[in-house]
Amino acid sequence: MAKPLAGIRIADFTVHNAGPFCTNLLSQLGAEVIKIESAMRPDAFRKPHPVYGRMGPATFDQVASTKLSVRINLKKSDGIALAKRIVGVSDIAAESFRPGVMDRLGLGYEALKSVKDDIVMLSVSSSGQSGPDSHFAGYAPLFGAWGGLGELTGYEDGPPVEIRHVMDHTVGMHAATAVMAALHRRRATGKGSHVDVAAREVAAALVGDMMLLAAAGGSPARRGNAHPRMAPHGVYPAQGEDRWLALAVTSDAEWSALADLMGRSELASDARFSKEADRQENRFAIDAIVSEWTAGKDAGEAAAQLQQAGIGAHASWTTPEIASDDHLRMRRAIVEVAEPDGKLRAAVGVPMRLSKGSEIGIDRGTPKLGEHEDHVYGELLGMGRDERRALEDAEVIY
């Protein structure tokens with residue numbers, strides 16, 4: 001069976017991470033995503049950099065798999081015309097430039113509506129397409145700072161901890177949801193729309209409970225790994241270098257079970273720890289006791305014992321452990337993908353599943369720059385060899 005978004009085509013002008021993660025999700029759900037860039041100005045993340053144990057554009061690989069790639073020089077008027085031809089055979093146009101850039105290029109929403117009346121246009125930016133701060137540039141740590149996530153993340157005696165990739169990905173997921181809603185509206189009404197996603201608003205939406213607390217007179221603050229109700233709750237040292245165990249005790253019964261596992265059954269009736277409120281008040285003392293026990297334990301073995309006792313716990317995994325996990329591979333959350341050099345490497349699949357017979361996920365690895373121009377320019381646009389060669393000579397396809 002075809003993937004659920006088969007037949008949907010996206011002209012993808014997005015760059016960096018948040019916008020490209022949105023279109024990558026949609027490509028794994030079956031949309032044909034045509035990434036538009038140029039040799040003059042390739043996506044900044046396409047540049048090879050020595051991370052993740054290899055010299056290659058790993059950050060770009062993460063958001064570019066399953067996409068098609070064509071070259072268009074948007075500095076030339078013929079390049080703008082060519083981009084509009086791709087939009088004309090697409091359902092969605094996605095961009096993540098600073099507000100005003102697409103309008104100056106002649107590729108704003110009104111211009112694209114004149115090309116395709118029912119186009120759905122997605123714009124992802126730091127502060128949105130309107131408002132007094134719309135001109136501000138931004139990237140992931142700033143989104144967390146603007147939206148209050150940074151202020152609430154970190155230890156009480158330390159600075160705010162801003163959030164990087166997870167913020168971009170959360171913005172991308174919100175954008176994908178909004179695009180799906182716009183497609184549904186178009187299906188019902190025949191009308192397109194301009195989807196405006198502001199990263200700082202996504203961040204602010206994630207601290208709604210803290211806003212309510214503040215409105216009620218409370219004082220939200222950084223708590224590190226502490227929880228307002230559960231104790232013990234956090235990440236504790238385990239046996240070996242830089243090995244950690246995450247655990248959370250949610251009830252008096254679980255605390256009693258943990259005390260038994262630690263060989264300290266008397267702690268269950270200790271007046272400092274016997275009730276939830278007592279454990280919360282004495283959480284520093286309880287963290288020291290739990291840390292002493294976990295420090296002599298293998299993280300995986302301790303987690304298994306805790307899970308068997310009904311206590312939520314797991315080793316804090318490294319990325320190699322995640323990549324080799326049998327469970328994630330069976331569910332195709334981790335897949336092997338052929339990269340341009342022909343080697344198979346582990347990649348993160350789409351984090352959702354549909355009924356059998358409607359498989360979703362990564363079909364192919366990162367595209368080379370301009371790899372799919374025969375398909376896009378020849379098959380989709382019906383461009384002849386002479387016209388294409390002329391555009392290449394004029395550095396429009398470049």
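Which residue forms a salt bridge with R85? The partner is E387, and the closest N and O atoms of the pair are 2.9 Å apart. A salt bridge here is a side-chain nitrogen of Lys or Arg within 4 Å of a carboxyl oxygen of Asp or Glu. This pair links distant parts of the chain, with E387 in helix α17 (residues 385-393) and R85 in helix α3 (residues 77-88), 302 residues apart. Helices (H or I, at least four residues) and strands (E, at least two) are DSSP runs, numbered from the N terminus.

E387 is partly exposed at 35% relative accessible area, and R85 is partly exposed too, at 32%. Buried means under 20% relative accessible area, exposed over 50%, and partly exposed in between (1.4 Å probe, protein chains only).

## About the model

This is a predicted model: local features need pLDDT of at least 70 and side-chain atom pairs count only at pLDDT 80 or more, while totals for chains, interfaces and linings use all residues. Residues are numbered from 1 along each chain as its sequence is written, and side-chain values use heavy atoms, leaving out hydrogens and water.

## Other salt bridges

The structure holds 25 salt bridges. One of them joins D12 to K67, with the closest N and O atoms 3.1 Å apart. D12 sits in strand β1 (residues 9-12) and K67 in the loop between α2 (58-64) and β5 (68-71), so the pair ties together parts that are 55 residues apart in sequence. Both D12 and K67 are buried.

R186 pairs up with D118, at 3.8 Å between the closest N and O atoms. R186 is buried, at 13% relative accessible area, whereas D118 is partly exposed at 23%.
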